[in-house]
Amino acid sequence: MTVAVWEAMRRHPLRFACSLWPLRCWAFLLSGTVLGFVVLLVLAALLLVGVGLSVLGAGLFILMTFAVSGIPVAALERRRLRLVEPEPLLDPHGSLPGTGAWPWLRTRLRERATWRELGYSLALGVVFTATGIGFVALLGLSLILTATPVIVWAIAPDTVMLVPGRPISEPVAALPGTAAGLFGLLLSAYVGGVLSGAQVWVAQSLLSARDEDLRSRVIELTRSRARLIDAFEAERRRIERDLHDGAQQQLLALTMTLGLAEMELRGQDSPAAELVVRARGEARQALEQLRSLVRGIHPQVLTDHGLPAAVDELALRNPVPVTVDIDLPHRLPPAVESTAYFTVTEALTNAAKHSGARRHPDPAHHRQRARRRGPGRRGRTARPRRPRGHSERKTRRDKSRRRTHPTASGGAVLRVVLAEDAVLLRAGLAEVLSRAGHEVTAAVGTAEELARAVDADRPDVVVTDVRMPPGFRDEGLRAALELRGRHPGLPVLVLSQYIATPYATQLFSSGSSAEGGLGYLLKDRVGEVAEFFDALERIAGGQTVIDPEVIRVLLRQRAADEPLQRLTPREREVLALMAEGLNNQAIAQRLTITEASVVKHASNIFMKLDLDPAEGNRRVLAVLAHLRGQQPQV
């Protein structure tokens, strides 16, 4: 640190006395003497009163006031130093806007700068005040000696005695005093510069911001920013959870109620049936919009499976084809993952909006444009075929064995264990199943209760949500996989609020996925009551059911692969329906073609994709493995 007044004295020692520096130094020292005396009185009073009243408790507040009293003194000194120091001193204290008295006091008492400023205030009141008084005496004496001839002339005929025993009666005789006074002023100029420089040096050492102060402020700023980010992320999760537990569950319950109303009105010539169908469609559209909104707030797949899976899901929904290449040795901190995810989201949104790229065609949408040509090709009705393979014959035997009490959907009565944490949705699902004639043996809200219910009485099928207490992540899915490990072949239907392919991948990649029925559906399908019952019965019969939306996402993910490019549009339709778990007869009915055509398309698909032409669940799992980019296990 350099002191400007010392630098001026060192560079031009002779010209220093004739410059403005001496006047600035004198003003600085004189004002400092007055200020130091006042500070000394105030500090002494606070200390004495605080110590005296400390036995009563009130003195502690006075002593704390004494401790922070150096802060205003230091602030005034930084302004006063501008008289002799052109470069201003930085304030070592950070600003605390909107802070109350007690937090402000607590923060300031923890700062080292506060105690340095108190030390400077004590030095100002004791040391610098004493030296200032001595300098004032030297300067005053020099001024009086310089003005001695004027004083002698003014008080004549009285005499002035500069030296004891030698009176001076004429102004000319007082000229030696003037010479002594001028020498004193010259001496005062350099003494004032030295004393001012010393006080500036002490002030720079105690009142200026140090590196450690700046580091502590940077650290505190970083911590404050981290706290804000954590609070923001917690608020995101809270909003996402509130929407999931509130509005989404209400809309799901509404779609189920409308689905039941549609089922009750089926076959009746009533204008209300068309209105119910329209209302259910609008409710489902609102649910999809709400799902997109929730995904934008905080995607659950980011919490459960990390950044790579979340970015994969994001890329699949982007209208512009995106290649994802993320290689992380481990999961990043949640705040870093969230920041990276939303950065990628913004980048992809800008690319899709401003790049001018055209939307990539989705093969799964082709079947919506399939022409209806009657019950079969060229008007012929497809003939039922004999079951092929042991698994399909076993499925039919199981179905015929259960079909003792027909339900409203025409299938067998199923004993169902229902696991759903949302009370409203759990009650709605139980009502839907009961109205259809199925028996809900247990309706639970946690993964532990689900395990106990299945272990106590194995049902025909388990229906569980992915997210369950206490973590609300994938506890329901993991519980279903554990139950299938303890009860081989246990049919399980997993319901999800979101189109998250990692959940489906985790479910169908398990070692027991080829044993027993297995299904993954969006909760929206519950509103499609007939489709929901059909999926439930197929799963109970040992088949595999995948939500069409999940298949659409998987197909889009692999649409650019060379093997899939070799498929015709019709073969892609058949591939998507096979991945959903439909058999040849159901595919033929869905596409209004003959079963022989389905067999031919399936053979072409397996040949072009180099897959084993298996039957039943193994065929579905092979197709799913290919769409997930894994090696088929059949």
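Arginine 570 is partly exposed, at 23% relative accessible area (partly exposed sits between buried, under 20%, and exposed, over 50%, using a 1.4 Å probe on protein chains only). Glutamate 573, on the other hand, counts as buried at 7%. Their side chains meet in a salt bridge, 2.9 Å from N to O (a side-chain nitrogen of Lys or Arg within 4 Å of a carboxyl oxygen of Asp or Glu). Both sit in helix α24, residues 569-579, and because they are three residues apart, about one helical turn separates them. Helices here are DSSP runs of H or I with at least four residues, strands are E runs of at least two, and both are numbered from the N terminus.

This is a predicted model, where local features need pLDDT of at least 70 and side-chain atom pairs count only at pLDDT 80 or more, while totals for chains, interfaces and linings use all residues. Residues are numbered from 1 along each chain as its sequence is written, and side-chain values use heavy atoms, leaving out hydrogens and water.

Lysine 523 pairs up with aspartate 465 in a salt bridge, with the closest N and O atoms 2.9 Å apart. Lysine 523 lies in the loop between β7 (518-522) and α21 (529-540), and aspartate 465 is in strand β5 (residues 461-465), so the pair ties together parts 58 residues apart in sequence. Lysine 523 is buried at 2% relative accessibility, and aspartate 465 is buried at 2% too.

## One more pair, and the total

Glutamate 337 and arginine 331 also join up through their side chains, with a salt bridge at 2.8 Å, N to O. Glutamate 337 is buried at 4%, whereas arginine 331 is partly exposed at 41%. Searching the whole structure turns up 16 salt bridges.
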